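Me: I would like to go through this model with you, one topic at a time. Could we begin once it is on the screen?

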2 protein chains.
Amino acid sequence: MKETTIAGLAREGGVGVETVRYYQRRGLLGTPQRPGGVGLGGGIRRYGDDDIRRLRFIRTAQTAGFTLDEIGELLALDAGEDRHRAHTLARERIVALDEKIAELSAARASLLRLADACGSTSKGPCPIITAFDLE
Amino acid sequence: MKETTIAGLAREGGVGVETVRYYQRRGLLGTPQRPGGVGLGGGIRRYGDDDIRRLRFIRTAQTAGFTLDEIGELLALDAGEDRHRAHTLARERIVALDEKIAELSAARASLLRLADACGSTSKGPCPIITAFDLE
DNA sequence: ATAACATCCGTACTATGGTACGGAGTCAAG
DNA sequence: CTTGACTCCGTACCATAGTACGGATGTTAT
C-alpha cells in the first residue's frame with residue numbers, strides 16, 4: 001500500500017498535478033481528508049493504490065474514446081448494481097470503435113497512396129486533394 | 001460545373017453553413033468575389049466543383065487525424081512544389097494512425113471483456129475498473 | 001530555524017473546432 | 001412590390017480537456 005502525494009499519484013498516472021486536480025474537480029477522483037483535521041490548514045493529502053488504479057482507469061477509458069462525463073458514469077457504475085447499463089455502454093463503445101477503426105484504416109490507405117504519389121522523384125506538385133478523392 | 005450558394009456547398013460537404021464560413025475564416029476555403037463588384041453590397045457568392053472537392057478533402061483529412069492547421073498546410077502543398085514535405089506529412093500521419101489503431105483495438109478487447117463480465121445475469125456490481133486493469 | 005521545495009486552492013487562461021445571434025442586404029415567387 | 005427565404009458579416013458564445021498563476025501554507029534537509 002504505497003502512500004503518496006498528489007505529485008506521486010500524477011506520476012503513476014502519467015499526467016500532471018494540475019490534471020489530477022482537474023479530475024478531482026470533475027468528481028472523477030476523490031479528495032482525501034487532510035490529516036490535520038478539517039477546517040484549519042491541515043497538512044498534505046495522501047493517496048493510495050486505489051487512487052492510482054482509478055486514475056489509470058480514467059486514462060485507459062479515454063483512449064477507448066469515452067468522454068470524461070461517460071467515465072464518470074462508468075466509475076459510478078463500478079460501485080453500483082446496474083450491470084445492464086454497464087453492458088450497454090460497453091457495447092455502444094465497441095460499435096463506435098469499430099466504425100472509428102474502419103475510418104482510420106481507410107484514411108491510412110489514402111495516405112499510403114498519397115505518400116506514394118508524392119514520393120517519386122519527379123518534379124512538380126503532387127495532387128494531394130486528388131489522392132484523397134478516390135475513397 | 002454546378003454553381004451553388006454557400007448552403008449548397010455546405011450540403012455537399014456534409015457540414016453546416018457556419019462551418020463553411022469558419023473554414024473560410026481559417027483560410028482553408030476561399031471566399032469568391034461577390035458578383036456585383038467589390039465595395040458595395042454586391043450580391044450572393046457562388047461556389048463551384050473545386051470548392052466542393054476542397055471541402056470534402058478537409059473533412060476526409062480530418063478523419064485521418066490531421067488538425068485544421070495541418071490541413072491548411074496540405075492545401076498549400078497541393079498547389080506547391082514541395083513533394084518532400086507532403087511525403088513527410090503523410091508518413092508521419094501513417095505512423096500516428098498505426099499507433100492509434102493499435103490503441104483502439106486494445107481498448108476494444110478490454111471492452112469486450114467488460115461487456116462479457118457485466119453481461120452475465122448474476123447480480124451485484126461488475127468490476128469495471130478491473131476489467132480495464134489487465135491491459 | 002531557515003531555505004528550498006511541494007501542496008493547496010481559487011481563479012483565469014488556453015487550444016481546438018465549431019455554433020449561435022442579429023441586423024442589413026439580396027433575390028425569386030406570388 | 002411585398003413577403004419569405006437565404007446570404008453576408010462581425011461578434012459572441014459553446015463544449016471538451018486541460019494548463020497556468022500566485023499567494024498562503026506545509027514539509028524537509030541542512
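Me: What is the mean pLDDT of chain A, and what share of its residues reach 70 or more?

Reply: The mean pLDDT of chain A is 90, and 92% of its residues reach 70 or more; pLDDT is the predictor's confidence in each residue, from 0 to 100. This is a predicted model, in which local features need pLDDT of at least 70 and side-chain atom pairs count only at pLDDT 80 or more, while totals for chains, interfaces and linings use all residues. Residues are numbered from 1 along each chain as its sequence is written, and chains are lettered from A and ligands numbered from 1 in the order in which they are written.

Me: Where in chain A is confidence lowest, and where is it highest?

Reply: It is lowest in helix H6 (residues 128-131) of chain A, at a mean of 90, and highest in H2(A), at 98. For the model, ipTM is 0.89 and pTM is 0.90.

Me: How many helices and strands does chain A have?

Reply: Chain A has six helices and zero strands, where helices (H or I, at least four residues) and strands (E, at least two) are DSSP runs, numbered from the N terminus. Along the sequence the pattern is α-α-α-α-α-α. The radius of gyration of chain A, 23 Å, is well over the 14 Å that the globule rule gives for 135 residues, so the chain is more spread out than a compact globule. That radius is taken over C-alpha atoms, and the globule rule is 2.2 Å times the number of residues to the power 0.38.

Me: What box do the C-alpha atoms of chain A fill?

Reply: Along the principal axes, the box is roughly 75 × 40 × 25 Å. Chain A is divided into domain 1 (1-66) and domain 2 (81-135), with bounds that come from an automatic or database domain assignment. The C-alpha centres of these two domains of chain A lie 35 Å apart.

Me: Turning to the interface, how many residues of chain B are in contact with chain A?

Reply: 44 residues of chain B are in contact with 44 residues of chain A; a contact requires C-beta atoms, placed from the backbone, within 7 Å. On the chain B side, the elements that give two or more residues are H3 (49-63), H4 (68-79), H5 (83-119) and H6 (128-131) of chain B. H5(B) provides the largest share, 22 residues.

Me: How do the residues on that side of chain B divide into nonpolar, polar and charged?

Reply: There are 24 nonpolar, eight polar and twelve charged residues on the side of chain B that touches chain A. Here Ala, Val, Leu, Ile, Met, Phe, Trp, Tyr, Cys and Pro count as nonpolar, Asp, Glu, Lys and Arg as charged, and the others, Gly among them, as polar.

Me: What does His87(B) touch?

Reply: Not counting residues up to four places away in sequence, His87(B) touches Ala115(A), Cys118(A) and Gly119(A). His87(B) is in helix H5 of chain B.

Me: Why does His87(B) count as partly exposed?

Reply: His87(B) counts as partly exposed because it has 19 C-beta neighbours inside 10 Å. A residue is buried if 20 or more other C-beta atoms lie within 10 Å of its own, exposed if 12 or fewer, and partly exposed in between, with C-beta atoms placed from the backbone.

Me: Is Leu28(B) buried or exposed?

Reply: Leu28(B) is buried, because 20 other C-beta atoms lie within 10 Å. Leu28(B) is found in the loop between helix H2 (17-26) and H3 of chain B. Leaving aside neighbours within four places in sequence, its contacts include Ile58(B), Leu68(B) and Leu75(B).

Me: Which residues touch the most other members of the largest nonpolar core?

Reply: Of the 30 residues in that core, they are Ala61(A) and Ile128(B). A nonpolar core is a set of buried Ala, Val, Leu, Ile, Met, Phe, Trp, Tyr and Cys residues joined through C-beta atoms within 7 Å. H5(B) gives the most to this core, with five residues. A second, separate core of 29 residues includes Ala131(A), Val20(B), Ile58(B) and Ala90(B).

Note on methods
Two residues are in contact if their C-beta atoms, placed from the backbone, lie within 7 Å.
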